[in-house]
Each structure stands twice: as structure tokens, then as C-alpha cells.
Amino acid sequence: MIDAVVHDAAELVVAPGESYADGAVAIEDGRVARVGSTDAVTREYPPENAVERVDATGCAVIPGLVDAHTHALFAGDRSDEFAAKLRGKTYQELLAAGGGILRTVEAVRAASDERLLGNLLGQLDTMLAHGTTTVEVKSGYGLDAETELQMLEVIDTANARHPVDVVATFMGAHAVPTGRDAEAYTAEVIDDQLPAVAAQGVAEFCDVFCEDGVFSVDQSRRILEAGREYGLTPKIHAEELSHLGGAQLGAEVGAASADHLLQATAADASALAAAGVTPVFLPGTAFSLGTAYADAEPFTAAGATIAIASDFNPNCHSSSMGMTLALACVGMGLSPRDALDAATRGGALALDRADGVGTLTPGAPADLVVLDAPTHVHIPYSFGVNRVGTVLKGGTVVHDTERLASGGVR
Ligand code: NIG
Ligand code: FE
């Protein structure tokens, strides 16, 4: 049975370095069966034999976007900090005064399971409407075993309920809780939180905020190595606000990704590339903080495959990967195609996804986006405007702007 045929796309982006003009995708059993020119694909897979036919005339078709770094599960409202930052307050000043992450921790601890789940499902709806089909969501607003487990449970439930694939990361080491000492809290993460998180079996990755005044390189190393013992693959927030050595640590422990890298050096880039660690750039964070953007050039020169992600969180309040692409182009100087590759295949690599996730090569999950524009360039070109028309997840239409206007698909 042919699930779906998407045909007559003005541009079909298949994978880095591979696209077609007038392209089509045939989908069987939720996976891409064939891609190529519309003529060749529809001869073998006639659209009239398919359950779903998507006429993409005049539209570009791209792989579903993979957002490999978010803190999308939270409660509360920190919009006043946005205004305070514009008046000159720094992120570190807000955090040191009990604001920032610590304020979100209070709101999350006070929220019910239902409220947290409702919040996350709502965020996933927005992400899907903006073309994201796979997203990583971190815990880290609990900072105690009970609330960290609760966050991971909610992430797991949202993954089961929502068409977007949600990948869970444990981030008990996101901040040092109010009134605690970093060293004592590191021991709590290792001795109390990690064993419980491993027993729960939801988290795939373990992440640490390796930063001046948060967790040192040595504390981060101990947490990531302990996480590895429990089967959690390391990730690291590295060289965001200061240059501390987190990137070198990421290379040493063989992290899946090292993220932020605003202060990274060429030596960091070479070390990460040599170790096969995916660098994840988060241009929305630089935009929100009003700081300089990361320089991806030393990383690509060293041979790394880079990723870009939204870093959606209360400090960087946009889950739009379209906006992330625009910022990567204008702020970091990436070409629209390099930005798209970084937001698809790059994101999948940062999440250790196999099976062609982030591409439309035969055998890959049929996660794809039909744009209401003729080329992928229109995504960053139309910054702040959503150009997503229809989204297919595993070959099924899960979002359609036109159908929504006439009564909805879900
Ligand atoms: O990736 N840098 C640490 N964590 C987040 C911010 C989280 C927050 O401010 O709530 C980040 O930018
Ligand atoms: Fe982050």
C-alpha cells in the first residue's frame, strides 16, 4: 500500500548536497520509498493508488526540521526579564539575584502534572506548525530528584501523545539550586538524581551547564562520566558566556554534541571535529542576549557537520526554527542551504539519530514539510513569517494550514 505521494514540488530538498527541481516523494509504511523527478517517481508510484496525495505545485518540499536543543518544558512568565535585559541587566546578574533559571524552577515546582503537560503539548503544537518534526527537550527546571523525574515523565507522555518526536535529556545540572553549594549539589546529581533517572528509563542524554559560576569543568566531567555509566550519552552547554574548557571536555568524553560555543576557539573547533562531536549553534540565544553570534567557520573548516537549534526557553522565547534559520543566515553568515542542512541532518546527528532522520533519502522516516513558497530560501528570507503549509510525520498529514482554515486535521 502506498501511504502518500507528494508530487510536482518546485524544489525537493532530499539531503545535504541533494535536491531536485520538479521533485516527488513516494511513501510506504511511513518511510520514504523513492525520491526523484515527478515523472520518474509517479511512473513507479502512481498518486491515484496512494491513500494521501499532496500536490506541491509551486512549493518547496524539505525534510522535517530537527530542533536539537530546547528547554521547552517550563511554567511561569519571565517576559519582565526581557525588558530588564534591554535596560542593561545581564543574564548572570538576573541569575545571581535568584531570577533566570531559578525563577522558572520555582514555577515548575509549583505546577501540577496536568499544567506541565498542557504547557508542553501547546509548545509542540506551535513547533509542528513551524515545521519541526523532531525536538529535544531537557529537564533541568526541577533541580531535585522528584521534580526532575516529574519533568522527564511529562516529556515521555507528551512524546506518546503528540505527533512530534520528543527526545528527552536529563539536565539536573542546569543550575545550582538557591542556597546550595555547587560541589554538594554535584554529588546530589551523581548519587541521587542519576540513579533514579536511569531507573526511570526516559532520558537518553545527560547535559550540564558548564559555565563560570555554575558548574566547573571538573564537576561537569564527573557528572557526564557518571551519566555515561548509567547509559546516558553526554551533551554539554559549552563556552556560552565565558571560555572555561567545556568544549575540550565535550571532546574528551565523546559527547553527542557541544552546544552554544559563543566563546569557542579554533582549537576547540578542531578538538570537537576530531572527536566527532556535533557543534550545535543557537543563534536565537545571541539574539536574545544581544551579544555577538558564534563563528561556525573554524568548525566547518575543521570538517565538522554543524547543527543549529532554537534553544527555546524562557530566556530565548521562540520555538520557531524558521526564525533560527534567519538568524543563522544574517547573524552567523550561513547560506540558506547550509542553515537548512544544519537544521535537519545536523540536528539529527546532534541527537545521534540513525535511519536517515533529517533527510528524505529512501528508508528515512517520511517526515517532511511542504512550504507555501517555491524554494527553501524563502524560510530565512521571510524572517518572522511562517512559510510552512503542510507537515507529514511518518507519511501522515499532521498539520495543514489550508485544512486547518476549513476545520482542522486533528
Ligand atoms: O541554553 N544556558 C543555560 N540554559 C539555557 C537558558 C535557560 C534559562 O534561562 O531558563 C540556555 O540558554
Ligand atoms: Fe540550553
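Reader: Let's start with helix H10, residues 266-275: which of its residues are buried?

Author: In this predicted model, the buried ones in H10 are Asp268, Ala269, Ala271 and Leu272. These four span an arc of only 165° around the axis, so they sit on the same side of H10.

Reader: And what covers the buried residues of H10?

Author: Look for helix H9 (246-252), strand E11 (257-260) and helix H12 (297-301), which are among the elements covering them. While you're there, check Gly276: just after H10, this glycine takes a positive phi of about 70°.

Reader: Zooming out, how is the chain divided into domains?

Author: Domain 1 takes in 2-64 + 358-405, and domain 2 runs over 72-350. Going by C-alpha atoms, their centres are 30 Å apart.

Reader: How do I read the interface, and how much area do domain 1 and domain 2 bury between them?

Author: Begin with area, which counts what the two parts lose on being put together, summed over both. Here that's about 1800 Å², with 70% on carbon and sulfur atoms. On the domain 1 side, His376, Pro380 and Lys393 lose the most area to domain 2, together 27% of what that side buries. As for contacts, 26 residues of domain 1 meet 20 residues of domain 2.

Reader: What about salt bridges: how many are counted between domain 1 and domain 2?

Author: The count is 1. Elsewhere on the polar side, 6 residue pairs are in polar contact across the interface. Several elements of domain 1 each supply at least two residues to the side touching domain 2, including strand E1 (2-15) and helix H16 (378-381). Strand E15 gives the most, with 4 residues.

Technical notes:
Residues are numbered from 1 along each chain as its sequence is written. Chains are lettered from A and ligands numbered from 1 in the order in which they are written. This is a predicted model: local features need pLDDT of at least 70, side-chain atom pairs count only at pLDDT 80 or more; totals for chains, interfaces and linings use all residues. Side-chain values use heavy atoms; hydrogens and water are left out. Buried means under 20% relative accessible area, exposed over 50%, partly exposed in between (1.4 Å probe, protein chains only). The arc is that of the directions from the helix axis to the C-beta atoms. Contact means heavy atoms within 4.5 Å. Domain bounds come from an automatic or database domain assignment. Buried area is the accessible area (1.4 Å probe) that two parts lose on being put together, summed over both. A salt bridge is a side-chain nitrogen of Lys or Arg within 4 Å of a carboxyl oxygen of Asp or Glu. A polar contact is a pair of N or O atoms within 3.5 Å; within protein, one must be able to donate a hydrogen and the other to accept it, and residues adjacent in sequence count only if both atoms are side-chain atoms.
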